[in-house]
Amino acid sequence: MEYDVKGNLKDVLSTLPDGVRLVAVSKFHPAEYIEEAYREGQRIFGESHEQELSRKVKELPEDIQWHFIGHLQTNKVKYIAPYISMIEAVDSLKLLKEIQKQAEKSGRVIDVLLELHIAEEETKYGLTPDACRQLLDNGEWEQMKNVRICGLMMMASNVDDENQIRNEFTTAKLFFDEVKQKYFADAEYFCERSWGMSDDYPIAIECGSTMVRVGTRIFGPRVY
Ligand SMILES: *Cc1c(COP(=O)(O)O)cnc(C)c1O
């Protein structure tokens with residue numbers, strides 16, 4: 001093994017306070033790397049491509065909790081609906097509806113996060129705070145018995161400026177508080193704030209993250 005997955009995983013885990021969970025982002029890394037982390041007790045893994053994920057699911061232990069963290073096309077939902085543990089990057093009502101439909105077919109309730117777009121980069125997916133309010137105000141989601149909205153996910157801008165990153169995470173946290181109070185005050189399950197990646201997760205934790213998605217720092221650089 002090229003990378004000391006075990007050592008890196010331990011290092012990352014040792015810096016996470018109580019209440020912050022690790023999604024080990026294994027996209028583009030081989031199954032052996034996942035097995036190595038699994039042997040250390042890691043159970044939540046993040047993938048962002050349906051075909052790669054489906055392939056890995058077949059090879060790897062059944063009790064892995066797979067999080068879909070990438071942009072998900074509606075026509076791919078049916079493939080992952082039978083087993084996916086969480087779909088982290090829901091960025092449209094259309095996608096939410098398709099998840100409801102496929103979750104119902106599978107006889108499951110699927111946990112999802114709404115993906116917020118706060119970063120300045122236009123390349124990033126996600127709902128602006130206004131679009132997110134609109135989606136929630138529309139109310140259709142309340143009828144979706146097979147979908148459970150558990151919180152928000154976001155990516156900060158890929159910049160060196162720590163202040164900018166901190167501002168973006170803080171904006172996300174404030175928006176989370178607003179949404180929690182307005183739509184999910186009585187829903188205990190609406191509690192997840194998925195922010196923080198290899199380069200910025202310590203800042204994310206300071207800004208209220210409950211779930212960090214860390215890949216490179218554990219598994220090394222991805223080979224695309
Ligand atoms: C790839 C990816 C990550 C992990 O990025 P690293 O910089 O390797 O930690 C986190 N979140 C999302 C949405 C990703 O696509």
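**Exercise 1. Find out how many aromatic pairs a search of the whole structure gives, then describe the pair of phenylalanine 45 and tryptophan 66**.

*Step 1.* Searching the whole structure turns up five aromatic pairs. Keep in mind that this is a predicted model.

*Step 2.* Take phenylalanine 45 and tryptophan 66: their ring centres are 6.1 Å apart and their planes meet at 45°, so this pair is tilted.

*Step 3.* Now place the two residues. Phenylalanine 45 belongs to strand β2 (residues 44-47) and tryptophan 66 to strand β3 (residues 65-68), so the pair ties together parts 21 residues apart in sequence.

*Step 4.* Check burial, which means under 20% relative accessible area. Phenylalanine 45 has 0% relative accessibility and counts as buried. Tryptophan 66, with a relative accessible area of 4%, is buried too.

**Exercise 2. Work out which parts the pair of tryptophan 141 and phenylalanine 184 ties together**.

*Step 1.* Start with the geometry: the rings of tryptophan 141 and phenylalanine 184 are 4.9 Å apart, centre to centre, with 40° between the planes, and the pair is tilted.

*Step 2.* Tryptophan 141 is in the loop between α6 (129-138) and β6 (147-154), while phenylalanine 184 is in the loop between α7 (162-183) and β7 (192-194), so the pair joins parts 43 residues apart in sequence.

*Step 3.* Both tryptophan 141 and phenylalanine 184 are buried.

*Step 4.* Look around them: ring pairs link Trp141, Phe176, Phe184 and Phe190 into a cluster.

**Exercise 3. Name the rings over which the charged ends of arginine 43 and arginine 193 sit**.

*Step 1.* For arginine 43, the ring is that of tyrosine 38, with the charged end 3.6 Å from the ring centre.

*Step 2.* For arginine 193, the ring belongs to phenylalanine 176, and the distance to its centre is 4.7 Å.

Conventions:
Residues are numbered from 1 along each chain as its sequence is written. This is a predicted model: local features need pLDDT of at least 70, side-chain atom pairs count only at pLDDT 80 or more; totals for chains, interfaces and linings use all residues. Side-chain values use heavy atoms; hydrogens and water are left out. Rings of Phe, Tyr and Trp (its six-membered ring) pair if their centres lie within 6.5 Å; planes under 30 degrees apart count as stacked, over 60 as edge-to-face and the rest as tilted. Helices (H or I, at least four residues) and strands (E, at least two) are DSSP runs, numbered from the N terminus. Buried means under 20% relative accessible area, exposed over 50%, partly exposed in between (1.4 Å probe, protein chains only). A charge sits over a ring if NZ of Lys or CZ of Arg is within 6 Å of the ring centre and within 35 degrees of the ring normal.
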